[in-house]
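I opened the model today and kept notes as I went. Two residues were on my list, followed by the chain as a whole.

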Amino acid sequence: MSYFRTGHDESPLVTAATCDHPEEVADGVVIERRRVFWLSAAGVAALLVGRSPRAQDPVSRSRPRRTGTLDYPAFLEELYPLAKRLVDSKGEDEEAYLMTVAAAMTRISDPKSPLREAMKAFRKRQPHQGERFPLAAMTIKLKPGKGFSHHDHLDYNGVIMGVGGEARVRNYDFVGTPPEVDSGKAFLVRETRDDLILPGRISTLGRNRDNVHDLIAGKDGAQVLDVFTFFSKRAGSRYLELDDKPRDAERRVYEASWRQRRRRRG
């Protein structure tokens, strides 16, 4: 139950929850205790109109709002400084960055349109310095049942958005540190996701999260939009062979080995 204390003064306005202890809402499911929070009358008024008190700050008001649709040049212009900042920070706030990329991708006005020339022209306009251009975007068409078998993303991350047809994407984490590619040693990976990518749906992977995946189109083929952010010159993909049957079915752990030797860049 909530109540509001009001008056002619600026007394704090309180919202109080009656549940002051952990509550079991289903068999074996417990939610944490709700907390009491206090807001001034001004704070509540701001919430009622969809704004926080901080939104009244002139500095906050001056920040550009990222709304509306984007063509590919505008999309690349928006992401490029964010990609440079992420690489320079050695990956600080990588998950927030990936969500920002995904949000921008959903604003592209025509994601099926050609992208190669826009990406090429954009790179020429940038006075890039460093080991590798940090950002790459491409559209990929996959024939029915075709795609990319299991591979990792060494020192780069990625976001995939479906734009046509459908594709299956399965992601994996390394269990421990994998051996060198030329070692010939087996290692373990754990399946973390198994997604169906339809138009408008997103799949992301970080440098240390869901970094291995495969991507296979459905019976009618697929078209996807890929955005990659590279952290070093060595960034690239290494292909894996996975056993068909899991070593640990409950945890979805598979034995794997490096495929000798195919390397995909970008």
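**Notebook: two residues and the chain**

I started with Glu 117. Glu 117 has a relative accessible area of 53%, so I logged Glu 117 as exposed; the cut-off for exposed is over 50%. The model is predicted, and I read every value with that in mind.

Next I asked where Glu 117 is found. I located Glu 117 in helix 5, which covers residues 116-125. I then checked a distance from Glu 117 to Pro 73. Their C-alpha atoms are separated by 9.9 Å, and the two residues are 44 residues apart along the chain.

I moved on to Asp 226. Is Asp 226 buried or exposed? I found a relative accessibility of 5%, so Asp 226 counts as buried, given that buried means under 20%. I placed Asp 226 in strand 10, residues 212-230.

Which residues does Asp 226 touch, leaving out those up to four places away in sequence? I listed Ala 136, Ala 137, Met 138, Ile 140, Val 159 and Ile 160.

Then I looked at the whole chain. I noted 5 helices and 12 strands. The chain has 266 residues, and 41% of them count as buried. For contacts with a separation of 6 or more, I recorded that 75% join residues 24 or more positions apart. Last, I took the accessible surface of the chain: about 16,300 Å². Carbon and sulfur atoms hold 50% of that surface.

Technical notes
Residues are numbered from 1 along each chain as its sequence is written. This is a predicted model: local features need pLDDT of at least 70, side-chain atom pairs count only at pLDDT 80 or more; totals for chains, interfaces and linings use all residues. Side-chain values use heavy atoms; hydrogens and water are left out. Helices (H or I, at least four residues) and strands (E, at least two) are DSSP runs, numbered from the N terminus. Buried means under 20% relative accessible area, exposed over 50%, partly exposed in between (1.4 Å probe, protein chains only). Contact means heavy atoms within 4.5 Å. Accessible areas come from the Shrake-Rupley method with a 1.4 Å probe; for residues, only the protein chains shown count as cover.
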